Amino acid sequence: MARSKTLEKPLRIRLRRDDLVEVIAGRDRGKRGRILKVDRRRGRVWVEGVMLVKKHVRRNPARGIKGGIVETEASIHVSNVMIVCPSCGPTRIGSKVEEVGGKTRRTRICRKCGGSLDKRA
Ligand SMILES: [Zn+2]
């Protein structure tokens, strides 16, 4: 294995699209938003309304793009966000394994209150 900063050992990201997270570090600390996209290889997430950057876009009439400056989200490292539990706020993720009708089901739970963090029950 090559020793490179870009080839860190893959960390298991337990966040998913549509999770509500709070930013805990950096310029947007304290902001909350939903996850738009997860890059598991690089350990980065895109959060709605967080890390907005202005991008200069070239006009592309074929794709209906007007061009100019647009605001868009930049990615943030997963270690800088925390999932938000509906009852306790930012928390760490635990997991629970259940046997349901012979099938094993893994649910993500809040480490503080033990409540489920997965919307689909
Ligand atoms: Zn909780």
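**Strands of a predicted model**

Visitor: What do β2 and β3 form, and how many residues lie between them?
Guide: β2 and β3 form a hairpin with four residues between them, and Gly 43 in the turn has a positive phi of about 70°. This is a predicted model, in which local features need pLDDT of at least 70, side-chain atom pairs count only at pLDDT 80 or more, and totals for chains, interfaces and linings use all residues. Residues are numbered from 1 along each chain as its sequence is written, and side-chain values use heavy atoms, without hydrogens and water.

Visitor: What makes β2 and β3 a pair?
Guide: Two strands pair if DSSP finds at least two bridges between them. β2 and β3 (residues 44-47) have four bridges and pair in the antiparallel sense, so they meet the rule. In this pairing Ile 35 stands opposite Val 47 in β3.

Visitor: Which strand do three bridges join to β2?
Guide: Strand β1 (residues 20-23) is joined to β2 (residues 32-39) by three bridges, and the two run antiparallel. Glu 22 stands opposite Arg 32 in β2.

Visitor: How many helices and strands does the protein chain have?
Guide: The protein chain has zero helices and ten strands. Helices (H or I, at least four residues) and strands (E, at least two) are DSSP runs, numbered from the N terminus.

Visitor: Why is the protein chain called more spread out than a compact globule?
Guide: The globule rule is 2.2 Å times the number of residues to the power 0.38, and the radius of gyration is taken over C-alpha atoms. For 121 residues the rule gives 14 Å; the radius of gyration of the protein chain is 18 Å, well over that, so the chain is more spread out than a compact globule.
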